[in-house]
Amino acid sequence: MKYKFILIPCLLFTIFSCNEKVASKKSNKLEKPNVIFISFDDLRPEMGTYGSKLAITPNIDRLASQGLQFNKAYCQQAICSPSRASLMTGARPETINVIENYTYFRDENPDILTLPEHFKNNGYETINCGKVYHGKYNDPGRSWSKEPDYASLPYEVKTLVEQYVDPDNKKIFAENKAKMLKKYKKQHGLGMGPAYECVDVEDNAYIDGVNTDMAIDIIKKHKDGDKPLFLGLGFVAAHLDFLAPKKYWDLYDEDKITLSNQHTGPLNGAPMGLHASFEMRVRSNIPKYGAFPDSLARTLKHGYLATASYIDAQVGKVLKALEEKDMLDNTIVMLWSDHGYHLGEMGIWAKATNYDISTRVPLVVWTPNQNDKSRGMKSDALVELVDMYPTLCDLAGLEKPSHLEGQSFAPLLENPAMEWKSAAFSLFPTPALREWAANPLSKGMRESYFGPLIEDVEERIINVMGDKWDREFFENYLMGYSMKTQRYNFVVWRDRRDKTSEPIFIELYDHEKDPKETVNIAEQNPELVAELMEQFNRGWEGNTAKIAL
């Protein structure tokens with residue numbers, strides 16, 4: 001597909017009509033500030049403000065120019081449910097025992113106090129629109145004090161699930177799903193529709209547009225004197241499938257979209273560290289084996305960029321509604337994504353690795369009381385998504401629950417360049433031998449068209465690991481633990497049941513010399529490995545920032 005570049009002025013520069021005025025306002029309406037908590041799904045820092053030469057994201061760029069942008073923010077696991085469960089509970093994936101998409105954090109932690117629940121208990125009206133938690137694990141009755149009233153919108157809301165609009169795509173999806181369910185019964189994820197869709201429709205033809213309208217309706221109806229508002233607004237994009245109205249595809253000239261030249265994994269890297277792009281390959285129009293043709297890869301990247309521009313426009317609408325309501329002088333805006341995404345880098349598509357492209361996320365914060373000197377700055381401090389819970393507590397003047405495993409980065413809003421924590425931590429269980437929900441490979445996966453891919457993956461692991469190979473161990477108990485420092489990505493592969501066990505493999509990447517992580521230099525640097533292992537063994541608690549109280 002090819003689309004000509006057409007600049008659509010109404011999509012651009014819709015927020016903060018008077019920057020200096022907004023930046024100088026101070027909180028004076030309510031005792032507690034409102035919180036607008038905006039999440040994206042699978043959106044890496046592919047934005048103009050993060051240096052993308054392709055992405056058209058003027059509203060997020062403008063928000064960053066008035067707030068604080070974090071350049072080195074990391075998720076705790078590059079998969080939807082564990083990442084979201086971690087940041088919403090303020091505890092790390094292994095602590096809450098959520099390391100794949102099919103475990104509900106409440107089943108494992110029935111009494112844990114979540115971020116919105118804590119705000120609700122402290123006098124906030126907490127409302128959720130869209131995907132803030134993962135799917136059905138939305139914590140109804142605990143986190144949210146009020147359900148959004150979709151019936152109040154001036155049109156009929158036909159679905160609250162992301163769906164195709166094109167009838168042909170709907171048919172393909174329904175037929176494929178029926179075939180797979182007939183063969184595999186409850187097998188998750190097999191039998192999907194196309195990976196992308198470009199249809200000339202309004203923004204609210206897709207669920208992200210609907211939830212934007214709902215969020216604006218909530219903002220407009222919020223009155224002075226009401227309880228302060230904690231609004232969770234979760235966009236499904238840029239998750240597969242890449243569904244966005246045609247006008248956002250039209251922002252890009254597909255012929256000018258560049259592709260990654262990094263077609264293979266790191267030299268001497270962990271053979272179990274990369275998957276076979278299962279999540280992408282399950283789509284009906286994607287090859288089940290072998291490399292993707294450049295023409296397809298370019299269209300897929302086009303679709304990803306279109307969804308990024310689509311949700312950027314939705315962010316602009318919400319921020320404009322806040323401005324028109326005169327709420328920005330008492331509202332915190334925190335914008336984040338649950339993890340990053342490979343768009344062909346290292347030869348794979350989707351998330352679910354321990355590499356920087358998958359674990360690094362966009363994170364932008366705007367507060368009315370931020371130090372004016374720090375507005376528009378970009379901080380290189382290491383921060384983690386698990387830090388957002390304690391940060392919002394500090395910014396709202398709430399006590400921090402004792403179970404939190406992150407560190408408030410509120411001080412960075414005053415001094416973005418101050419010395420900060422020495423490491424950020426992520427993890428992922430054997431990407432090569434896990435499905436895209438991070439659960440171990442199922443019988444259905446092995447029997448389907450993925451069988452040859454899985455055989456290739458296992459052969460690659462066996463060739464490198466030799467007598468250390470054990471299928472049950474690699475599928476169920478091997479964990480890759482990633483420690484990001486200011487200079488390095490240090491990945492330790494060991495038995496997750498025993499944190500004192502000897503690593504079976506170590507990866508080390510020098511971001512100063514090799515930012516794309518093309519060569520594992522662990523074997524050539526034993527002294528550095530020993531030094532980093534000592535730092536790694538101190539854990540997150542031993543790598544927090546030391547600040548004066």
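Contact here means heavy atoms within 4.5 Å.

## Glutamate 475 and its surroundings

Leaving aside its neighbours within four places in sequence, glutamate 475 is in contact with Leu433, Arg434, Pro440, Leu441, Arg446 and Glu458. The structure is a predicted model, in which local features need pLDDT of at least 70 and side-chain atom pairs count only at pLDDT 80 or more, while totals for chains, interfaces and linings use all residues. Residues are numbered from 1 along each chain as its sequence is written, and side-chain values use heavy atoms, with hydrogens and water left out.

Glutamate 475 lies in helix α17, residues 471-476. Helices (H or I, at least four residues) and strands (E, at least two) are DSSP runs, numbered from the N terminus. Glutamate 475 has a relative accessibility of 9% and so counts as buried; buried means under 20% relative accessible area, exposed over 50%, and partly exposed in between, with a 1.4 Å probe and protein chains only. Its side chain makes a polar contact of 2.3 Å with the side chain of arginine 446. A polar contact is a pair of N or O atoms within 3.5 Å; within protein, one must be able to donate a hydrogen and the other to accept it, and residues adjacent in sequence count only if both atoms are side-chain atoms.

## Salt bridges

A salt bridge is a side-chain nitrogen of Lys or Arg within 4 Å of a carboxyl oxygen of Asp or Glu. By this rule the structure has 28 salt bridges. One of them joins the side chains of arginine 106 and aspartate 139, at 2.7 Å from N to O. Arginine 106 is in helix α5 (residues 105-108) and aspartate 139 is in the loop between β3 (125-130) and α7 (167-184), so the pair ties together parts that are 33 residues apart in sequence. Both ends are buried: arginine 106 has a relative accessible area of 9%, and aspartate 139 has a relative accessibility of 1%.

Arginine 446, the polar partner of glutamate 475, also forms a salt bridge with glutamate 458, where the closest N and O atoms are 3.1 Å apart. This pair links distant parts of the chain, with glutamate 458 in helix α16 (residues 451-465) and arginine 446 in helix α15 (residues 443-447), 12 residues apart. Glutamate 458 is buried at 7% relative accessibility, whereas arginine 446 is partly exposed, with a relative accessible area of 30%. Elsewhere, salt bridges that share partners join Asp41, Arg84, Lys131 and Asp338 into one network.

Helix α11 (residues 294-324) has 31 residues and reaches 45 Å from its first C-alpha to its last. That is close to the expected 45 Å, the expected span being 1.5 Å times one less than the number of residues. The helix is mostly covered, with 24 of its 31 residues buried. Just after α11, aspartate 326 takes a positive phi of about 60 degrees.

A nonpolar core is a set of buried Ala, Val, Leu, Ile, Met, Phe, Trp, Tyr and Cys residues joined through side-chain atoms within 4.5 Å. The largest has 72 residues, of which Phe40, Leu231, Met280 and Leu300 touch the most other members. Helix α11 gives the most to this core, with 15 residues. A second, separate core of 45 residues includes Ala78, Val98, Ile112 and Trp336. Not counting residues up to four places away in sequence, phenylalanine 40 touches several residues, among them Met47, Ile60, Phe235, Ile311 and Trp336.

## Aromatic pairs

Rings of Phe, Tyr and Trp (its six-membered ring) pair if their centres lie within 6.5 Å; planes under 30 degrees apart count as stacked, over 60 as edge-to-face and the rest as tilted. The whole structure has 27 aromatic pairs. In one of them, tyrosine 133 and tryptophan 144 have ring centres 6.1 Å apart and planes at 80 degrees, so the pair is edge-to-face. Tyrosine 133 and tryptophan 144 are both buried.

Phenylalanine 473 and phenylalanine 474 also form an edge-to-face pair, at 5.7 Å centre to centre and 90 degrees between the planes. Phenylalanine 473 is buried with a relative accessible area of 15%, and phenylalanine 474 is buried at 0% relative accessibility. Ring pairs also link Phe37, Phe119, Tyr124, Phe230 and Trp336 into a cluster.
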